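Hi there,

Here is the structure I promised to pass on to you. Have a look at it first, and then read my notes below.

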Amino acid sequence: MRPFPPKAFIYQSNGFMALQEYGFGGQKIIVPVAGTPAPTTVSERLSAIEIDPPVFIDSSQRTYRLDGSPGKRHLTYFADRTVYRVAFDGGPRVSLTVYPVYGRPAAVLRISIDQARGPIGVTFPIREDGFHLLPSEDPEIIRYGSSKWPYRLLLAASTRATWLGGSFQWRLNPGRTTALTMTSGGEEQEAKTALD
């Protein structure tokens, strides 16, 4: 199997945000924003953040990268989601499912530890790309925003995660799943309502 997706610039969008695939499992999050008011109805797309492919660490401290460590890879594009699967050589078998939530300003990146010999550390590195990290009063929610626009992007984990150095981190047992949910809004309350 090829180590990278067979197509370039694959987008999934729900009209509120777009996920642009890069590499095997990486995603650029793009938010459409209203531009000049009518009658021109110009709009812009803001590149908000980049989410690198996840990294997995087993109990022996061996590191496996979704996009580069030796293993058998499989990629399936569906109409509403993309599923990345890897069986790492001598390591765990994992999957990453990426999809926008239709009808809502939200998207989900779901990680599953399909098979492993013990607990697996999972790291999801996130990089600023147009939006920058903002302070948050709620330790469960990570906030990103633009200095030019009032738009906000909120990130939250479905199971308890640690936010450390620009990465979400989990420790998952075999057979367990976790998810990273992103919501956007023209202002923070819209994004918070979608997240709730």
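**What turned up in the model**

Ser167 counts as buried, because its relative accessibility is 9% and buried means under 20%. Please keep in mind that this is a predicted model. Ser167 belongs to strand E16, which covers residues 167-172. Setting aside neighbours within four places in sequence, Ser167 is in contact with Thr123, Phe124, Pro125 and Thr162.

Another serine to look at is Ser95, in strand E9 (residues 93-101). With a relative accessible area of 8%, Ser95 is buried. Its side chain makes a polar contact of 3.2 Å with the side chain of Asp114. Asp114 is also one of the residues that Ser95 touches beyond four places in sequence, together with Tyr84, Arg85, Arg110, Ile111 and Ser112.

Is Arg160 buried or exposed? Arg160 is exposed, because its relative accessible area is 68% and the cut-off for exposed is over 50%. You will find Arg160 in the loop that runs between strand E14 (152-157) and strand E15 (162-164). Leaving out neighbours within four places in sequence, the contacts of Arg160 are with Glu140 and Trp170. With Glu140 there is a polar contact of 3.0 Å between the two side chains. Arg160 and Glu140 are 20 residues apart along the chain, and their C-alpha atoms are separated by 8.2 Å.

Gln61 also sits in a loop, here between strand E5 (55-57) and strand E6 (63-65). At 58% relative accessibility, Gln61 counts as exposed. For context, most residues other than glycine have a negative phi.

Ala87 lies in strand E8 (residues 82-88). Ala87 counts as partly exposed, because its relative accessibility is 27%, which falls between the limits of 20% and 50%. Not counting residues up to four places away in sequence, Ala87 touches Gly71, Lys72, Pro92 and Arg93. The C-alpha atoms of Ala87 and Thr97 are separated by 15 Å, with the two residues 10 apart along the chain.

Which residues have the most contacts inside the largest nonpolar core? They are Phe56, Leu153, Leu155 and Met182, in a core of 40 residues. Another core lies apart from it and has 5 residues, among them Ile141, Leu154, Ala156 and Ala191. As for Met182, its contacts beyond four places in sequence include Leu153, Leu154 and Leu155. Met182 also touches Met17, Leu19, Ile29, Ile51, Pro105, Ala106, Ala107 and Leu109.

The largest pocket holds about 190 Å³ of space. It is lined by 13 residues, and the closest to its centre are Gly90, Gly91, Pro92, Ala116 and Arg117. By type, the lining of the largest pocket divides into 3 nonpolar, 6 polar and 4 charged residues. Pro92, one of the residues closest to the centre of that pocket, is also touched by Ala87.

How values were computed. Residues numbered from 1 in each chain as written. Predicted model: local features only at pLDDT ≥ 70, side-chain atom pairs only at ≥ 80, totals over all residues. Heavy atoms only, no water. Helix = DSSP H or I, 4+ residues; strand = E, 2+ residues; numbered from the N terminus. Buried < 20%, exposed > 50% of the residue type's maximum accessible area, 1.4 Å probe, protein only. Contact = heavy atoms within 4.5 Å. Polar contact = N/O pair within 3.5 Å; in protein donor to acceptor, adjacent residues only side chain to side chain. 1 Å grid on protein atoms, 1.4 Å probe; cavity = no way out; pocket = protein on both sides within 12 Å on 5 of 7 lines; lining within 4 Å. Points joined across faces, edges and corners; volume = space filled by probe spheres on them. Nonpolar A, V, L, I, M, F, W, Y, C, P; charged D, E, K, R; others polar. Core = buried A, V, L, I, M, F, W, Y, C linked by side-chain atoms within 4.5 Å.
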